[in-house]
Amino acid sequence: MKKGVLFLMAVISGFSARAQKEDIVKKGISLGPLPVVSFDQDKGFQYGALLNLFDFGDGSFYPTPKQQWYMEASAYTKGTQQYFLTYDTKHLIPKVRMSVATTAVFDKAMDFYGLNGYQSIYDPDEKSAFYRLERLALSAKADFVGNLWKNKLFWQAGYYFSRYRYRPVDLEKINKGKNEADQFWGETLYEKYVNWGIIAPEEKEGGTTSALRLGVMYDTRDFEAAPASGIWAEANLTLAPGFLGTTHGFARYMVTFRHYIPVVSEKLTFAYRLNYQGSIGSLPYYIMPVFSNIGKEYDRDGIGGYRTVRGIMRDRVQGLDVAFFNAELRWKMIGFHLWNQNIYLGLNAFLDGATVTRNYDLTIPDYLYPRGGSSEPLLDDYNHFINTTKSDRLHTAAGGGFRIVINRNFIIAVDYAKTLDKQDGKGGLYINTGYLF
């Protein structure tokens, strides 16, 4: 650890002599390649690559790109594959920003810890395969944003399509290469939810979503990729009726408020985000893990993980309505020029949290457990994993991170977060791109 700190200090000291106040104006295409490497106990080693492409045109757009692409292709040694492609431009359609994205993820070991947060009891003694299911997720979207007032208030509109297919996890692949003591051959939590009737038979294998999205946005950020001041607030509505081709129709809304407060000009920023995502009526269970975005980002898995609440296990906080927050102090340590690139190094400290505010119905249907009937084995199993007598409370995690920012747009992010309750896991290390918000 000490050697790592000394090495970092030496690197910073060595670059200090090259530190420059003014940016080098970038022109044309700027590349941001990064290898994707990680490890998951059940999915194996992750390998692949991502690439950010930024087009600065003749330089008059810098530091804002004229257009940008994001591409990622990666896989895990036990079979999971994922592919992402996004494109964002403000100049293809006059006075309208267009963002398109398409994703394909075949996840052989997706996390499923139950619904309603702490109403679903996490048992750390269970083998991790117990909390897994298999999912194929295909999605595509096209979003458009236009000015309403002084380039601060904007309208938003878009179309979203997705296809989700859920199945019990393939235990033969999950157990491959494990010692017999570490193998799991029982019924997973997902299968228990199906057998208990909590997940409806017609929804258990997923479905298709065809949706329209409408919203408004207020944006006064000084710079989009790494803001130091301003407000970024959004309110949007997703409508997915059956006549558009949606398997199980629903309506959902999201309100997000982000604020960037300069503490020390150009050096230290306090940033926070408040998010509320709710539904009008009920939701098919397979939509609850989806965190919706209008804009250049593609839709992601729900609460827990790098893009929402760091440290909390992925999809740990699921319900009909959920709220979460992030509070972060960002320090820009030093900026310099290297290989004709504008680079700065940064540190951050943060506190993240989330909670379910409206619960999904976790009661066992009467046809499985008739009132006055006897089904003690079923109830004993149910009560071991579900407790509906209590409400969810705040799930929290705290941590810190390191940033390498190249040409003010390509950001390599390393964060570590520690949970404050063992029911949310032990924490996590994340190597990704961009600021969280």
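I will start with the core, then go to the ring pairs, then to charges over rings. Keep in mind that this is a predicted model.

The largest nonpolar core has 43 residues. Which of its residues touch the most other members? They are Y193 and W196. The elements that each give two or more residues to this core are the strands β5 (96-111), β6 (132-149) and β7 (153-168), together with the helices α2 (171-175), α3 (189-195) and α4 (376-385). The largest share comes from α3, with four residues.

Let me stay with Y193. Leaving aside neighbours within four places in sequence, Y193 is in contact with F112, G114, L115, S120, I198, I199, L362 and I386.

Now the rings. There are 24 aromatic pairs in the structure. One of them joins F270 and Y272, a tilted pair at 6.0 Å centre to centre, with 35° between the planes. F270 is partly exposed, at 29% relative accessible area, and Y272 is also partly exposed, at 21%.

Another pair is Y285 with Y286, which is edge-to-face: the centres are 6.0 Å apart and the planes stand at 85°. Are these two buried or exposed? Y285 is buried, with a relative accessible area of 2%, and Y286 is buried too, with 0%.

Ring pairs also build a cluster out of Y113, Y122, F130, Y131, F184 and F385.

Last, the charges. R258 has its charged end over the ring of W232, 3.5 Å from the ring centre. R408 lies over the face of F223, and here the distance to the ring centre is 4.5 Å.

Methods:
Residues numbered from 1 in each chain as written. Predicted model: local features only at pLDDT ≥ 70, side-chain atom pairs only at ≥ 80, totals over all residues. Heavy atoms only, no water. Core = buried A, V, L, I, M, F, W, Y, C linked by side-chain atoms within 4.5 Å. Buried < 20%, exposed > 50% of the residue type's maximum accessible area, 1.4 Å probe, protein only. Contact = heavy atoms within 4.5 Å. Phe/Tyr/Trp six-rings, centres within 6.5 Å; stacked < 30°, edge-to-face > 60°. Lys NZ or Arg CZ within 6 Å of the ring centre and 35° of its normal.
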